[in-house]
Amino acid sequence: MDNLILIGFMGAGKTTVGKLLAQEKGLHFVDTDDRIAAEQKQSIPDIFSEYGEPYFRDLETDLLRRMQEDTRHSVISVGGGMPVREENQRLLRALGCVIYLTAEKETILGRVKSDGSRPMLNGEDLEQRVERLMRERENSYRRTAHLCIRTDGRNIYQVAQIIRQETRRIRGI
Ligand code: S3P
């Protein structure tokens with residue numbers, strides 16, 4: 001399986017690093033949120049507000065099942081909540097080499113804004129929300145990942161370079 005899958009919290013850099021990595025390695029780039037929004041013909045915030053989070057989570061699992069068949073030679077950036085479901089953890093690992101992009105809470109807060117584009121961060125007290133979600137998800141991310149890479153203090157070129165080195169080392173890809 002030659003996919004590289006980037007997981008991690010919102011603002012960890014999955015999409016920006018993923019696009020760069022795909023370009024450098026001559027792979028396709030897939031963003032699970034973009035695919036869901038295109039298939040549903042609706043933005044992620046609209047799906048959340050119209051149908052709620054559980055419905056969105058079912059769409060994620062459904063997509064992940066189909067990706068086992070239709071996604072190859074790709075860097076895949078995965079929505080921040082996808083690795084929480086146990087079934088998704090298994091499906092993600094079966095799909096390719098899973099890389100957890102880690103970041104400290106302060107780094108995340110510097111990168112995300114409560115701007116309506118991320119429904120999980122809407123509402124009161126962004127810092128508390130981020131802290132709680134990060135704590136709740138940490139084990140899921142670690143369980144799912146083959147590799148963990150720290151992004152604090154590193155730009156996207158440095159993170160992409162470390163991913164290339166590490167994946168070559170562990171998988172020869
Ligand atoms: C979510 C993260 C988002 C998107 C949705 C829910 C989450 O993706 O899937 O808003 O639960 O962490 P990004 O991690 O790409 O922001």
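Modeller: Let's take the ligand site, then the fold.

Biologist: What kind of model is this?
Modeller: This is a predicted model, where local features need pLDDT of at least 70, side-chain atom pairs count only at pLDDT 80 or more, and totals for chains, interfaces and linings use all residues. Residues are numbered from 1 along each chain as its sequence is written, and side-chain values use heavy atoms, with hydrogens and water left out.

Biologist: How far is the K14 side chain from a ligand oxygen?
Modeller: An N or O atom of the K14 side chain is 2.6 Å from a ligand oxygen. For D33 the distance is 2.7 Å. R137 also has a side-chain N or O atom 2.7 Å from a ligand oxygen.

Biologist: How much of the ligand does the protein bury?
Modeller: 95% of the 390 Å² that the ligand exposes alone. That area is Shrake-Rupley, with a 1.4 Å probe.

Biologist: Switching to the fold: how many helices and strands?
Modeller: Eight helices and five strands. These are DSSP runs: H or I of at least four residues, E of at least two. The order is β-α-β-α-α-α-β-α-β-α-α-β-α.

Conventions
Polar contact = N/O pair within 3.5 Å; in protein donor to acceptor, adjacent residues only side chain to side chain.
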